[in-house]
Amino acid sequence: MPHVEEKYPVAVPNYRPLDLYAGGRQPLDLIALDAAGEIVFQIDPDPLVVRAQITALKDQLLSQPGQHVEMPVEHIVLDGFYTRKLFIKKGTILVGKIHRKACVNIVAMGDISVMTETGYQRVRAGHTQTSPAGLQKVGYAHEDTIFINVFRTDQTDITLIEAEIACESHEQLAGAFIDKREALCP
């Protein structure tokens, strides 16, 4: 498959997180700076609160004109599997789409904090984990990172695959509930 560029709701690399809330908007309680100046996620114990915060963060990022970057995405379709390889530049905050299907997540290169409504963790190259359907991930790349998702599909057309595996809102999932036992982030 050819290499393509896709737009994601992101903050541009090295964009100060506090600047996400310029223009008199109230800061979201989801992102903070630790004592060393690193971005960390603050997770509410209620997954539905976090789900709403992720949506608000995505909307906030999308409302910032000129603050979006295109990220290289490679698509591979082979024998019933779809592999999506995303390059994320150091310093980038991004919000992914909501996954309709379970997938395998692989950090092939780099260092990234990944947050979902079930928690967050910082992972480095070599990390592999599964995530259930219904999750939406927020990431912050501490280093240039390659993040790979692997999905099972019988489709071969990228447009049809993306419609099968992802959506923009939880309402499109017909009320999918995340079981913390299957969470991406414990």
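A: Let's begin with one term: a residue is called buried when its relative accessible area is under 20%, exposed when it is over 50%, and partly exposed in between. Keep in mind that the model is predicted. The part I have picked is Ile165, a residue of helix α2, which covers residues 158–165. Its relative accessibility is 3%, which is under 20%, so Ile165 counts as buried.

What does Ile165 touch, once its neighbours within four places in sequence are set aside? The contacts are Tyr82, Ile98, His99, Arg100, Lys101 and Phe151. Take Ile98: this residue and Ile165 are 67 residues apart in sequence, yet their C-alpha atoms are 8.4 Å apart in space. Contacts across the sequence are a theme of the chain as a whole: among contacts with a separation of 6 or more, 76% are between residues 24 or more positions apart.

A pair of aromatic rings is described by two things, the distance of the centres and the angle of the planes. The count of aromatic pairs here is two. One of them joins Phe41 and Tyr120, with 5.6 Å centre to centre and 80° between the planes, an edge-to-face arrangement. Phe41 sits in strand β4 and Tyr120 in strand β10 (residues 119–124), so this pair links parts of the chain that are 79 residues apart. With a relative accessible area of 4%, Phe41 is buried, whereas Tyr120, at 31%, is partly exposed. Tyr82 and Phe151 form a pair too: their ring centres are 6.4 Å apart and their planes meet at 25°, so the pair is stacked. Tyr82 belongs to strand β6 (residues 81–88) and Phe151 to strand β13 (residues 145–152), so the pair ties together parts that are 69 residues apart in sequence. Both Tyr82 and Phe151 are buried.

Now follow strand β6 to the loops at its two sides. The loop between β5 (69–78) and β6 holds Asp79. Most residues other than glycine have a negative phi. Asp79 has a positive one, near 50°. Its relative accessible area is 71%, which is over 50%, so Asp79 is exposed. The loop between β6 and β7 holds Thr92, which at 0% relative accessibility counts as buried. The side chain of Thr92 reaches the backbone oxygen of Lys89 at a distance of 2.8 Å.

In soluble globular proteins, nonpolar side chains tend to be buried together. In this model, the largest nonpolar core has 13 residues, and Leu30, Ile31, Ile54, Leu57, Met115 and Val138 touch the most other members. At least two residues of the core come from each of β4 (39–41), α1, β7 (93–99) and β12 (136–141). Helix α1 gives the largest share, four residues. Looking at Ile54 and leaving aside neighbours within four places in sequence, we find contacts with Leu30, Val95, Met115, Thr116, Glu117, Gln136 and Val138. There is also a second, separate core of 12 residues, with Val73, Val107, Ile112 and Phe147 among them.

Helix α1 itself runs over residues 47–62. Its 16 residues reach 23 Å from the first C-alpha to the last, close to the 22 Å expected. Its N-terminal end is capped by Asp46, which places a side-chain oxygen 2.9 Å from the backbone nitrogen of Leu48. The buried residues of α1 include Val50, Ile54, Leu57 and Leu61, and also Arg51 and Lys58.

Finally, step back to the whole chain. The chain has two helices and 14 strands, and of its 186 residues 48% count as buried. Its accessible surface comes to about 9,300 Å², and 54% of this belongs to carbon and sulfur atoms.

Definitions and conventions
Residues numbered from 1 in each chain as written. Predicted model: local features only at pLDDT ≥ 70, side-chain atom pairs only at ≥ 80, totals over all residues. Heavy atoms only, no water. Expected span 1.5 Å × (residues − 1). Buried < 20%, exposed > 50% of the residue type's maximum accessible area, 1.4 Å probe, protein only. Polar contact = N/O pair within 3.5 Å; in protein donor to acceptor, adjacent residues only side chain to side chain. Contact = heavy atoms within 4.5 Å. Areas by Shrake-Rupley, 256 points an atom, 1.4 Å probe, with all protein chains shown as cover. Core = buried A, V, L, I, M, F, W, Y, C linked by side-chain atoms within 4.5 Å. Phe/Tyr/Trp six-rings, centres within 6.5 Å; stacked < 30°, edge-to-face > 60°.
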